[in-house]
Amino acid sequence: MTLFRLDASILPTTSASRELGDLVEAEWAAAHPSAPVRRRDLADEPVPATAWRDAVLGGFAPEAERTPAQSAALALARTFADELMSADALLFTVPLYNYGVSQHFKTWFDLAYTVPGIDPQGTELRGKPATLVTVLGGNYAEGSPKEGWDHSTAWLRRVLEDVWGLDLRIVHRPFTLVGVNPALDAFTETAAEFKRTAESAAVRSGREIAARVA
């Protein structure tokens, strides 16, 4: 049994999303102490911005006519897809950046999505247990001054749950910049409650995905 974990935060030592991911992973490890965890850190090894273009164009070209960049991009896409399809459970930690999805995650997804099996024609990932950890510096919930400014979470849910068909759990923590940005000091208690709720959800999610592959 294998857990595949993908992290997208650019701040590994202070990352709220990675911290919650660690809670999910700890529950997996407690249930499956000898099971490996395979990792991909998109901040440490970012996907080149040109890789998706090269993979798409390379896919239209006969193998003998592909450029070195096209061949490399197709090989990288295959690696990404194999990491997903060979794992028994999946964990994604993806923060909100500038009101949108992390560019690191988007380039990774676009490239993986070119591979037969998890491309638009069909998915071999359907029903696989997965957890998405997503964190937001502010609060964009209904009734907040910036309601609707979170353009990441809905997209992430769409591609992971609806496109790939994963059996998805979401751990969601707003207000991670409280305590960092003085303008948000008035929300200290609310932020602390969000943190406690997210931590409980992370533990619960880790137990659930571990149980699914017991």
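Which residue in E2 is the bridge partner of Leu3? The bridge partner is Val37. The model described here is predicted.

## Strands E1 and E2

Strand E1 spans residues 3-7, and strand E2 spans residues 37-41. E1 and E2 pair in the parallel sense, and five bridges join them.

## Strands E6 and E7

A parallel pairing also links E6 with strand E7, residues 167-173, over seven bridges. One of the paired positions is Val133, whose bridge partner in E7 is Val171. From E6 the chain passes through H5 and on to E7, and this β-α-β crossover is right-handed.

## The nonpolar cores

The largest nonpolar core has 32 residues. The members that touch the most other members are Leu84, Phe92, Phe105, Trp108, Leu160 and Trp164. Another core, of 17 residues, lies apart from the largest one and includes Ala35, Leu91, Ala198 and Ala210.

Leu84 shows what such a core residue touches. Setting aside neighbours within four places in sequence, Leu84 is in contact with Phe4, Leu90, Phe92, Trp108, Ala112, Ile118, Leu125, Lys128 and Trp164. Of these contacts, Phe92, Trp108 and Trp164 are themselves listed with Leu84 among the core members that touch the most others.

## How H2 and H3 meet

Two packed helices are described by the angle and the distance between their axes. For H2 and H3, the axes come within 8 Å and cross at roughly 100 degrees. Angles of 65 to 115 degrees count as roughly perpendicular, so H2 and H3 are roughly perpendicular to each other.

On the H2 side, the residues that meet H3 are Ala51, Asp54, Ala55, Leu57, Gly58 and Gly59. Their counterparts in H3 are Ala69, Gln70, Ala73 and Leu74.

## The loop between E4 and E5

Asn98 sits in the loop between strand E4 (96-97) and strand E5 (100-101). Tyr99 has its place in the loop between E4 and E5 too. Phi of Asn98 is near 50 degrees, a positive value in a residue other than glycine. Phi of Tyr99 is also positive, near 70 degrees, and Tyr99 is likewise not a glycine.

Are Asn98 and Tyr99 exposed or partly exposed? Asn98 has a relative accessible area of 74%, so Asn98 is exposed. Tyr99 counts as partly exposed because its relative accessibility is 33%.

Methods. Residues are numbered from 1 along each chain as its sequence is written. This is a predicted model: local features need pLDDT of at least 70, side-chain atom pairs count only at pLDDT 80 or more; totals for chains, interfaces and linings use all residues. Side-chain values use heavy atoms; hydrogens and water are left out. A nonpolar core is a set of buried Ala, Val, Leu, Ile, Met, Phe, Trp, Tyr and Cys residues joined through side-chain atoms within 4.5 Å. Buried means under 20% relative accessible area, exposed over 50%, partly exposed in between (1.4 Å probe, protein chains only). Helices (H or I, at least four residues) and strands (E, at least two) are DSSP runs, numbered from the N terminus. Contact means heavy atoms within 4.5 Å. Two strands pair if DSSP finds at least two bridges between them. Axes are lines fitted to C-alpha atoms, for helices over the stretch in contact, and angles run from 0 to 180 degrees between N-to-C directions. Angles under 35 degrees count as roughly parallel, over 145 as roughly antiparallel, 65 to 115 as roughly perpendicular and the rest as oblique. A crossover is right-handed if, with the strands pointing away from the viewer, the path from the first strand over the helix to the second runs clockwise.
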